[in-house]
Amino acid sequence: MRIAVVGQGRIGVIGAVALAERGHRVTGVERDPVRLGSLAAGRAPVAEPGLQCQLSHALESGRLRFAQEIVPSHRRDPYDLVMIAVGTPPNADGSADLSQVTEALDEVAALLPLPCVVLKSTVPPGTSDRLIGAHPRLRERYACNPEFLNEGSALDDWRAPARVVVGIWSQEVLPVLRRMYQGPMCPWVVTTPASAEMAKYASNAFLAMKTGFANEIARLCTGAEFSVDDVLRGVGCDARIGHALLRPGLGFGDFCLPKDTAALARWVAESGGRAPLLEAAIEINSTQSGLVTETLYRELPGELDQAEIAVLGVHHQPWNGDLRAAPSRAVIPRLLAAAARVRVWDPAVGADQLTRLFPGAIPAPDLRAAVAGAHAAVVLTEWPEIVEADWRELAARLARPRVVVDGKNCLRTEELAGLPLLYRSVGHRPCTAAPVAYEVRGRQPARSAAYEVRGTQPVPSV
Ligand SMILES: NC(=O)c1ccc[n+]([C@@H]2O[C@H](COP(=O)([O-])OP(=O)(O)OC[C@H]3O[C@@H](n4cnc5c(N)ncnc54)[C@H](O)[C@@H]3O)[C@@H](O)[C@H]2O)c1
């Protein structure tokens with residue numbers, strides 16, 4: 001088949017590469033000239049296992065090419081199908097901004113001959129109905145086919161999806177979709193466009209409830225008699241529940257869950273309904289990153305304006321290059337607002353980008369420099385460089401009271417147990433046994449002598 005994929009963000013580029021892999025002739029259409037140039041040069045715009053290699057392969061095979069506009073190539077050699085995978089970012093009130101989708105559909109509706117259209121973007125229930133109202137000619141050729149892939153296994157999820165949800169008004173388009181997918185062995189849920197749209201939102205709302213539930217249980221299990229990991233393992237072994245996402249952490253982390261749950265909540269409010277479970281999931285996940293400052297206020301002896309804090313890692317997950325909703329985006333500004341001096345290090349983000357993302361924080365050139373002389377280290381990404389570091393040496397570089405807040409519960413507690421530091425994680429009871437050599441003097445408004453000061457601040461220039 002000849003297929004155009006409009007929008008080459010994460011979803012579009014993965015779709016384009018996966019479709020080329022299936023033998024289709026694919027054009028990735030991207031209007032951003034910088035992104036287009038880098039794609040045409042064979043550089044994947046997002047980090048995703050296997051993507052770079054498969055992108056190069058698809059380009060070399062000639063089955064994938066890129067273009068800035070759809071019209072000229074459609075005139076030369078018409079597309080059988082156009083997939084729309086443009087962004088639906090949040091508006092200020094939480095609703096989905098549908099301007100990219102509307103614009104893309106207007107472009108496709110003007111093509112002659114008329115191709116089939118598949119909407120991959122995540123849109124609120126009822127959007128397809130409204131959009132097609134303006135383009136009734138497309139109705140028989142239209143499918144809403146939301147994307148359910150996971151960041152970190154996106155290509156594999158395309159190759160072997162858990163389900164394909166298709167919302168259509170006419171059976172006419174179904175064989176075209178089956179040819180496009182080449183029939184993966186998974187359930188096909190063929191339904192109305194509004195139900196397909198709702199299936200995507202409801203799925204993300206459920207995932208948000210699951211992470212929110214894990215965080216709520218973690219908050220209930222901080223007493224010495226609990227191990228939250230064992231509790232959640234005990235819960236997740238039930239096949240009706242499962243282990244996925246049943247881990248306490250610092251809240252949502254990826255871009256889609258906060259965006260889509262907020263858009264669903266907005267849709268519910270506009271429809272005059274109520275969704276208390278959804279509201280609770282949003283509330284608990286969006287306040288969870290506050291645990292970092294809460295812990296630092298509790299464990300550091302003075303106000304945070306006396307403290308040097310090293311933030312280690314700014315990604316939500318090492319394989320997820322999307323920093324738009326990473327907990328670091330909430331944690332670091334909160335620390336800076338409390339007037340803490342913050343240095344930040346991430347093995348995959350350069351000093352310039354760190355400065356742009358976190359104005360006021362000082363980028364550190366490496367892990368050791370980041371922790372040298374800091375009173376607390378806050379771990380926000382389970383980078384191997386951080387998890388497998390020599391924490392005995394890092395502990396010696398930290399200044400008293402040497403607090404380590406593990407926002408990912410990723411450090412090896414058995415290694416930390418004997419070290420002279422205060423280790424705190426999410427939902428775990430304190431595990432550091434060795435007493436630390438400092439006196440707790442409570443909160444002190446002026447400069448606190450409880451913080452160890454090691455001369456001038458030790459972050460080497462970068
Ligand atoms: N990121 C995910 O993991 C994920 C998962 C499931 C669903 N989704 C949904 O998929 C959709 C796309 O997500 P994304 O993260 O890839 O978005 P994105 O915003 O990163 O990328 C969208 C791209 O489309 C381009 N674009 C917009 N209008 C265009 C047009 N008319 N012609 C050509 N290019 C155009 C933009 O320049 C941009 O590069 C969203 O609705 C999102 O909610 C995303």
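The answer below goes through the sheet, its helices and the confidence of the prediction.

Tutor: This is a predicted model, with an average pLDDT of 91 over the chain and 92% of the residues at 70 or above. The open sheet has six strands, in the order 11-10-9-12-13-14, and their pairing is parallel. At its edges lie strand 11 (362–363) and strand 14 (422–425), each of which pairs on one side only. Strand 14 is joined to strand 13 (residues 403–406) by four bridges in the parallel sense. Within this pairing, Val404 has Tyr423 of strand 14 as its bridge partner.

Two helices that pack on the sheet can be described in turn. Helix 13 (residues 291–299) touches strand 9 (308–312), strand 12 (376–379), strand 13 and strand 14. The direction of helix 13 makes about 160 degrees with that of strand 13. Helix 14 (residues 328–337) packs on the sheet as well, and touches strand 9 and strand 10 (341–345). Between the directions of helix 14 and strand 10 the angle is about 155 degrees.

Two stretches call for caution. Residues 432–448 have a pLDDT below 50, although the model gives this stretch 43 contacts beyond near neighbours in sequence. Over residues 456–462 the pLDDT also stays under 50, with 17 contacts beyond four places in sequence.

Methods
Residues numbered from 1 in each chain as written. Predicted model: local features only at pLDDT ≥ 70, side-chain atom pairs only at ≥ 80, totals over all residues. Heavy atoms only, no water. Pairing = 2+ DSSP bridges. Contact = heavy atoms within 4.5 Å. Axes fitted to C-alpha atoms, helices over the stretch in contact; angles between N-to-C directions. pLDDT = per-residue confidence, 0-100.
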